[in-house]
Amino acid sequence: AVLLGASFDDAALALEDDGDLARRSLANRRFHRALYAGCGNPLMIQILDGLRDQAALITVAGWGICPTWDDEAAEHRAILAAAVAGQGDLAFDLLRRHIQTFADRVVEELPDGVR
């Protein structure tokens, strides 16, 4: 079973809050970190933290192009429900789709010359 704390719940749902992009970005980062922080591999956590920091810049830029936080909050809720239910395969599939969907949304909104 996956053990998740209240901070995970808060981070999962914080994208629904006010329009503060910095706060949403931090909540988004906390949510994704909560998914891998308990893996027990400090090196992997460090690597993923670095990737997460780089992705944060893309996320905020993407939200500026195409605000998707309502959709992302719904996706977070589904990932969280699967994780809490111990459905690791479903949580994995939902998370992969969550990341790919965001990337696809942002790319679709880029001006033609930038793609």
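**Figure 1. Arg-96 and Asp-93 both lie in helix α5, three residues apart, about one turn of the helix.** In this predicted model, local features need pLDDT of at least 70, side-chain atom pairs count only at pLDDT 80 or more, and totals for chains, interfaces and linings use all residues. Residues are numbered from 1 along each chain as its sequence is written, and side-chain values use heavy atoms, with hydrogens and water left out. Helices (H or I, at least four residues) and strands (E, at least two) are DSSP runs, numbered from the N terminus. Arg-96 forms a salt bridge with Asp-93, and their closest N and O atoms are 3.0 Å apart. A salt bridge is a side-chain nitrogen of Lys or Arg within 4 Å of a carboxyl oxygen of Asp or Glu. Asp-93 has a relative accessible area of 30%, so it is partly exposed. Buried means under 20% relative accessible area, exposed over 50%, and partly exposed in between (1.4 Å probe, protein chains only).

**Figure 2. A salt bridge joins the side chains of Arg-29 and Asp-53 (2.2 Å, N to O).** This pair links distant parts of the chain, with Arg-29 in helix α2 and Asp-53 in helix α3 (residues 42–65), 24 residues apart. Arg-29 is partly exposed because its relative accessible area is 23%. Asp-53 is partly exposed too, at 36%.

**Figure 3. Asp-49 and Arg-33 form a salt bridge, with the closest N and O atoms 2.9 Å apart.** Here too the pair links distant parts of the chain: Asp-49 is in helix α3 and Arg-33 in helix α2, 16 residues apart. Asp-49 has 15% relative accessibility and therefore counts as buried. Arg-33, with a relative accessible area of 29%, is partly exposed.

**Figure 4. His-98 in helix α5 (residues 88–109).** His-98 counts as buried because its relative accessibility is 3%. Its side chain makes a polar contact with the side chain of His-32 (3.2 Å). The side chain of His-76 also makes a polar contact with that of His-98 (3.2 Å). A polar contact is a pair of N or O atoms within 3.5 Å; within protein, one must be able to donate a hydrogen and the other to accept it, and residues adjacent in sequence count only if both atoms are side-chain atoms. Leaving aside neighbours within four places in sequence, His-98 is in contact (heavy atoms within 4.5 Å) with His-32, Glu-72, Glu-75, His-76 and Ile-79. His-32 is among the buried residues of α2, while Glu-72, Glu-75, His-76 and Ile-79 are among those buried in α4.

**Figure 5. The largest nonpolar core has five residues in all: Phe-31, Ile-79, Ala-82, Ala-91 and Leu-94.** Helices α4 and α5 each supply at least two residues of this core. A nonpolar core is a set of buried Ala, Val, Leu, Ile, Met, Phe, Trp, Tyr and Cys residues joined through side-chain atoms within 4.5 Å. Not counting residues up to four places away in sequence, Leu-94 touches Ala-78, Ile-79 and Ala-82.

**Figure 6. Helix α4 (residues 69–84) and the residue Gly-86 just after it.** The 16 residues of α4 reach 22 Å from first C-alpha to last, close to the 22 Å expected at 1.5 Å a residue. The expected span is 1.5 Å times one less than the number of residues in the helix. Gly-86 takes a positive phi of about 75°.
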